[in-house]
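Keep the picture handy as you read.

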Amino acid sequence: MNRGFWDHLKAPIIGLAPMDGVTDSAYRYMVCKYSKPTLVMTEFTNVEGLARGAIGMLKAFEYDEIERPVVAQIYGSEVESFYKVALMNCFLGFDGIDINMGCPANKVARRGSGAGLIRTPDLAKLIVQTVQKACKDFFNGITLEEANIRPKIIAALKKIDKYNEKDRRLLPVSVKTRVGFDSDITLEWIRHLIEVQPANITLHGRTLKQMYMGLANWESIGKAASLCKNTGITLLGNGDIKSIDEAHQKMTQYGVDGVLVGRGTFGNPWFFSNHSPTPQERAQAAIEHCKVFEKLNPGSKFFIMRKHLGWYCRDFDGARETRSKLMQSENSEEVKNVFKEVFPALEEES
Ligand SMILES: Cc1cc2nc3c(=O)[nH]c(=O)nc-3n(C[C@H](O)[C@H](O)[C@H](O)COP(=O)(O)O)c2cc1C
């Protein structure tokens, strides 16, 4: 089995979970700058759309060197598209590729992608093998043209600064999934995945049906971890972790190789360091995050930042009023002016 960077991680593994609409390159940059998780993953990207030529989707594959190891996460149900997009990920210099088999959104799972793949284990396994094959073919020197990737996509890929056809590393393939579709079938499902030897499995302790409700079932995660022992596959648990202490407690209690943390990091790029930021430090980080976002997304989509601003703005008198002003902001300068009303010292710092 090829484990690539997974074999070189410092234990324990405490990584940033992929979150669509949240963990874009600006967010990952902030988290890596302030507390450096063991690894990060991109937001999930649809293979069918990209393989057919929706080159705007390549935006999701932007990353900074500070993020390494950085894993591209992809989703879909069409084997051929997985092959093509996995090859693109290799050319873009990622450290690994993760296949999403956990997204519960209707538009994803109803089409048999994301958590929908839990109901079609044969297809799920074929997809893992296909992505593994793409990684091997890349390593052995295949070109994008030989893989029948559309010229328009090849041209777009070659414009990305990370594009590299010389340094051909063999990327490891991992899977992120849930404990079941409408009921918990952890052991049966994980046994299927073990057959195709992904380097790592990340298990969120909820079924698709639970969406994000109730509590993640860490007992099931623990059983999956036992099953993976001595297979060469690492297992990361995921769900509801709110602090580094809790991450350590879960790892000890359930015997997992590590964890990924998602929502617990909102508004707190220091999450992975155990530093508790003051409200002013959060405000400062919010402004910096806006600036990084603007640099990476010139002239567009600032509304994406507003949910982050809501998360940063907390734990001080008047936070609610400040938050509602931030929700109207259109750029980093306006954000800075709103925060300055509460924290005048910010003026010199940012
Ligand atoms: C807004 C949001 C977007 C998400 N997008 C993704 C995604 O793109 N890929 C993925 O594998 N999981 C996605 N997830 C699931 C998270 O990675 C994670 O499994 C889940 O939030 C549970 O972990 P937590 O309790 O630490 O947040 C998303 C979750 C949220 C809240």
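**Around the ligand**

An oxygen atom of the ligand lies 2.8 Å from an N or O atom in the side chain of Arg-263; a polar contact here is a pair of N or O atoms within 3.5 Å. Taken alone, the ligand exposes 610 Å², and the protein buries 87% of that (areas come from the Shrake-Rupley method with a 1.4 Å probe). Before going on, keep in mind that this is a predicted model, where local features need pLDDT of at least 70 and side-chain atom pairs count only at pLDDT 80 or more, while totals for chains, interfaces and linings use all residues. Residues are numbered from 1 along each chain as its sequence is written, and side-chain values use heavy atoms, with hydrogens and water left out.

Back to the ligand. The side chain of Lys-176 has an N or O atom 2.8 Å from an oxygen atom of the ligand, and the side chain of Gln-73 has one 2.8 Å from a ligand nitrogen atom. Who else is around? The ligand is surrounded by 16 residues, with Pro-18, Asp-20, Asn-238, Asp-240 and Arg-263 the closest (near means a heavy atom within 4 Å). By class, this shell has six nonpolar, six polar and four charged residues.

Take a look at Asp-240 for a moment. You'll find Asp-240 in the loop between β8 (234-238) and α9 (244-254); helices are DSSP runs of H or I with at least four residues, and strands are runs of E with at least two. Its phi is near 75°, a positive value in a residue other than glycine.

Now for the rings. The structure holds 12 aromatic pairs (ring centres within 6.5 Å; planes under 30 degrees apart are stacked, over 60 edge-to-face, the rest tilted). Phe-61 and Phe-94 form an edge-to-face pair, because their ring centres are 5.7 Å apart and their planes are at 75°. This pair links distant parts of the chain, 33 residues apart: Phe-61 is in the loop between α2 (47-51) and β4 (70-75), and Phe-94 in the loop between α3 (79-91) and β5 (96-101).

The loop between α2 and β4 also holds Pro-69, and the peptide bond from Arg-68 to Pro-69 is cis, with omega near -5°.

Terms used
Polar contact = N/O pair within 3.5 Å; in protein donor to acceptor, adjacent residues only side chain to side chain. Nonpolar A, V, L, I, M, F, W, Y, C, P; charged D, E, K, R; others polar. Phe/Tyr/Trp six-rings, centres within 6.5 Å; stacked < 30°, edge-to-face > 60°.
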